[in-house]
Amino acid sequence: MAGILLCQAMSGKLSTKQLTTPLTGPVSNLIKEAASFSSAPADRLVLTYQGTILTPGTSLATYQLVPGCLVMVAVLPAPPPVTKPKPVSMTADEVKRFGVAFKTAFKNPSFSTVVKRLLERENMDSLAAACPGLSEDQVAQGFLTRPELLLHLLDPDTLGKVAKSHPSLLEAANNLSAAVHEEQQSAGRGGEEQGGAAGRAAGAAGGSYYLDEMSDDDMEGEEGGRGPQRSRSFTTITPTQLAQALAAAAGGGQGGVQPFQGVTGMGPQVGGGAGGQGGAAPQSSASTPGSARITTDFFQQAMQQAMMGMGGQG
């Protein structure tokens, strides 16, 4: 016979008990000894050896206990008392109001989304915390995760039976309708915010102008479109006005020779011959001296006079 030392720490005190039991016996016998030692129900005891929990239904030989080993005993807290909700008797007016609210929620596109979230244990536990008795009613929990079953709540007879046999399901259905309504409002606010942000982004993009994003064709088109606008700010000089300006400038040339001879180089004869004949035959360009050509100084002088003349007309 080998000894096992039971040890329990409770309220800051350490209690021990030496047992004489075989190290190959069942764990259930050791649990019974521990229940007598701690004065607690066996179903609330947890026995551990070197950090390993001794599972009921197994043998002590599985855990390789040695003579004089220490087994810790822990007592789990008592579970809270289960309060079963009372059956609910609904009036005709209450049935009508519930039917209108639940039917509106059922037709909402967000209904299936909210129901699918209840498949996650965390969401179901949160709903059960708000509905007394739902955490113990497994039938009601399975009912809430099936939209095709929830549809039967719109039938007044089925609703009356559910209210009496599963009152927690009725409370959960009301909370489900409220969750669908909140989901719809959240989706509406999110759509408005996204629409406003998209509008602001589009406005900013429309008002901005990036040269890096423009192709050569776009730039040429922009320049071609703006060309006529720039030309409107200046006065156009016609060929006739330029010819007159050149003729005026040539009047101050040397020797009274007219430098502007036209396209063919032929010009009217300057001065009169003997006898003052007014219509002399035109002379060829070969008879004109070299100074009759248009020089750079003559051209610049003509342009200045032309610009000044146009400014005076404006």
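This is a predicted model: local features need pLDDT of at least 70, side-chain atom pairs count only at pLDDT 80 or more; totals for chains, interfaces and linings use all residues.
Let me begin with the whole chain. The protein has 314 residues, of which 25% count as buried. Its secondary structure comprises eleven helices and five strands. As for contacts with a separation of 6 or more, 63% of them involve residues 24 or more positions apart.

H2 covers residues 92-107, which is 16 residues. From its first C-alpha to its last, the helix reaches 23 Å, close to the 22 Å expected at 1.5 Å a residue.

Which residues of H2 are buried? They are Val-95, Phe-98, Gly-99, Phe-102 and Ala-105. These residues lie on the same side of H2, because they cover an arc of only 140 degrees around the axis. The face turned away from that buried side carries exposed residues, namely Lys-96, Val-100, Thr-104 and Lys-107.

Is Pro-77 buried or exposed? Its relative accessible area is 68%, and the cut-off for exposed is over 50%, so Pro-77 counts as exposed. Pro-77 may also be considered together with Arg-44: the two are 33 residues apart in sequence, and their C-alpha atoms are 7.4 Å apart in space.

Thank you for your attention.

How values were computed. Residues are numbered from 1 along each chain as its sequence is written. Side-chain values use heavy atoms; hydrogens and water are left out. Helices (H or I, at least four residues) and strands (E, at least two) are DSSP runs, numbered from the N terminus. The expected span of a helix is 1.5 Å times one less than its number of residues. Buried means under 20% relative accessible area, exposed over 50%, partly exposed in between (1.4 Å probe, protein chains only). The arc is that of the directions from the helix axis to the C-beta atoms. Contact means heavy atoms within 4.5 Å.
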